[in-house]
Amino acid sequence: MNMNDTLISEPLEPQEMSTPVNRPVEDAGAQSAKVEEGKTVGKPFADDPKFKLRNVEVFYGQERAIKNVSLDIGRNEVIAFIGPSGCGKSTFLRCLNRMNDSIDICRVKGQLMLDDEDIYHSKKDVVELRARVGMVFQKPNPFPKSIYDNVAYGPRIHGLANRKSELDDIVEDSLRKAGLWNEAKDRLHSIATGMSGGQQQRLCIARAIAVSPEVVLMDEPCSALDPIATAKVEELISELSESYTIIIVTHSMQQAARVSSRTAYFHLGHLVEVNETSKVFTSPEHELTESYITGRFG
Amino acid sequence: MIDPKKQAEIVHKSLKKRYRKEKRFRAYGILAITIALASLIVLFADIINKGHTGFLKTTITLDVEMNAETMYLEDPTDPDAVRMADFVEPLIQSLSEILPEATEEDRGKLRGLINPYASSQLRDELVANPDWMGTTQTITFLAHSNVDVYNKHKGNEAYSIKLSEEQQQYVDKLRDKGVIETSFNDVFFTSGDSRDPARAGVLGAIVGSLLVMFVTLVLSFPIGVAAAIYLEEFAPRNRITDFIEVNINNLAAVPSIIFGLLGLAVFINLFGMPRSVPFVGGLVLTLMTLPTIIISSRAAIKSVPPSIREAAEGVGASKMQVVLHHVLPLAMPGMLTGSIIGMAQALGETAPLLLIGMVAFIVEIPEGFFDAATVLPVQVFLWAGSPELAFIERASAAIMVLLAFLLSMNALAIWLRKRLERRW
């Protein structure tokens, strides 16, 4: 793979190229396992991908958090990013709608294409990108406004509804899709922060899909929820997968197994293995993946 | 490792000491609060004790006979001649009818009981009602300020030194007859400053303070909030913004009189603005208040949880929309509190205003931003420096008015914060 061909931002500096690519894993159980930079085991590429990501590198100041990751994300697929804490899966996810922009020291290199448009092109508008690529965060973060205003906020700022009735329809539709309509229809104008954690997270999903994005990024959406609320959100993800591309970061391997069709395993900034979920969990090809899913570390 | 049995023993032994420490710490706290409260109570008690009489006035009600002869008036039908008539004489005559023991030589003492401005009050009323000529009218006049303090502090030697013994007896007698009465001091709230304490009021200073505060608020709040938003949300982190930040923090610590010198040098000498006017006072206090507002507004913006920003960015809000729709409404209560506290500070500020000439003796109530004016704290300063006893109690009364303003501003800050917070 020729790295310099695909780089759109400034090319890598020589000393960065020469950083040791093979790092021993700290954990004793996987001490012998090595990962080679840029070499991803499994099937990282697809024919007609939604996202085409090549040689992606992310730096926090001098520290390289994502190391030469190349990956395709297919249309209307649910892909799960798994890996131990600090492996860079959230950082990678946040590159996909440029949420890292607000971090001053964060730099992204490589080629990140959404439907053949360069996400990080200097002329690319980040507002437009985020309208197409929605996001749900780890902690439910509804605005301290009414349930209705929360869902209606996105459509309002993007001017998606011309009339009040259209906006009402969008709100109802989004809440129905998020499975929250029956619980929320009688209290649309009460404050959103008064709901339970699970309801708040589903409201955040409703808020994200209200702007009709093509992709929904989910950063550990269930980590702050109890098992019942988690089950509801997972059910919701399965339903949403019919119409949206969903990328979910999760710490729960069971969750990845339940909701995703493909799974990507990250390790210390490297993308170690990508494959169909069933394959990753039943017959992982890489030693590190196996160690992780069998619970030897992480 | 320590043996668990021994550990329990050690912990048990140390408990007593720990609790003693806690108790001592609590005692220090209670002591500090008690001292603070006691000082506050002493301060308030002293001010109220000295100043409450400032809210009372002493009046003399006389039956005045408008006799052309006693007023040395030759032609009572000529309005110009009426203006020139003697208006002191009818007052003295009226008094001497009530006090028959006063002889011809005591007329000067009688005159000393009535306010020096009573004669001009009588003249104005007579000019307004020409048909009063030749009749007897019951009119209420202000008493002389010496009578005022003597009357309000009965039995206190310190307050009677300005009156002779006879005069004191006269006052006692007049009070017994109901001629001298004490009532609520409306003059204090309806007039400007005066050389005569009995006629001096705080209205001019209150209006001056309101005008100055208005200019300060209109300028400092938008500028301060805009500066805070820019520095916190948009400014790049570099040497220039670091330099600005350090300087804002330094400005907050600059003595206020320096801002007065700056105002004198820049606004008055360089720009040629008039002295003693509320507009320039407002500009100077704006400079002084800005750092406070900027610092508190930045703190308020910083305390907005980042999750709300992320949520808004996540659905595609632009930077400006994030700030206007989410950050600003959430930061507003904190910004308002900081601004009102800054304004309250500015309301109590004297030093910078002295330098731009707002310390002048001004009788008229200011009507605009470019009329000569003074403010409440400067009025207190002027009266407190006056040797007359009657001014001292008015200074204390003016302090109470100033404190009432400050307390109501702080109450407003709390109310606004509560109200805005409830919306979310």
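Predicted model: local features only at pLDDT ≥ 70, side-chain atom pairs only at ≥ 80, totals over all residues.

Modeller: Residues are numbered from 1 along each chain as its sequence is written, chains are lettered from A and ligands numbered from 1 in the order in which they are written, and side-chain values use heavy atoms, with hydrogens and water left out.

Colleague: Why is the pair of A:Phe143 and A:Tyr153 called edge-to-face?
Modeller: Rings of Phe, Tyr and Trp (its six-membered ring) pair if their centres lie within 6.5 Å; planes under 30 degrees apart are stacked, over 60 edge-to-face, and the rest tilted. Here the centres are 5.1 Å apart and the planes at 75°, so edge-to-face it is.

Colleague: And what makes the pair of A:Phe92 and A:Phe266 tilted?
Modeller: The search of the whole structure gives 14 aromatic pairs over all chains. In this one, the centres of A:Phe92 and A:Phe266 are 5.4 Å apart with 50° between the planes, which gives the label tilted. A:Phe92 lies in helix α3 and A:Phe266 in strand β10 of chain A, so the pair ties together parts 174 residues apart in sequence. Helices (H or I, at least four residues) and strands (E, at least two) are DSSP runs, numbered from the N terminus.

Colleague: How do you know that B:Thr286 is buried?
Modeller: Buried means under 20% relative accessible area, exposed over 50%, and partly exposed in between (1.4 Å probe, protein chains only). B:Thr286 has 5%, so it counts as buried. This residue lies in helix α12 of chain B.

Colleague: What makes B:Arg195 lie over the face of B:Phe361?
Modeller: A charge sits over a ring if NZ of Lys or CZ of Arg is within 6 Å of the ring centre and within 35 degrees of the ring normal. B:Arg195 is at 3.7 Å from the ring centre of B:Phe361. Likewise, the charged end of B:Arg199 sits over the ring of B:Tyr117, 3.9 Å from its centre.

Colleague: How do the residues lining the second largest pocket divide?
Modeller: Into 13 nonpolar, 3 polar and no charged. Ala, Val, Leu, Ile, Met, Phe, Trp, Tyr, Cys and Pro count as nonpolar, Asp, Glu, Lys and Arg as charged, and the others, Gly among them, as polar.
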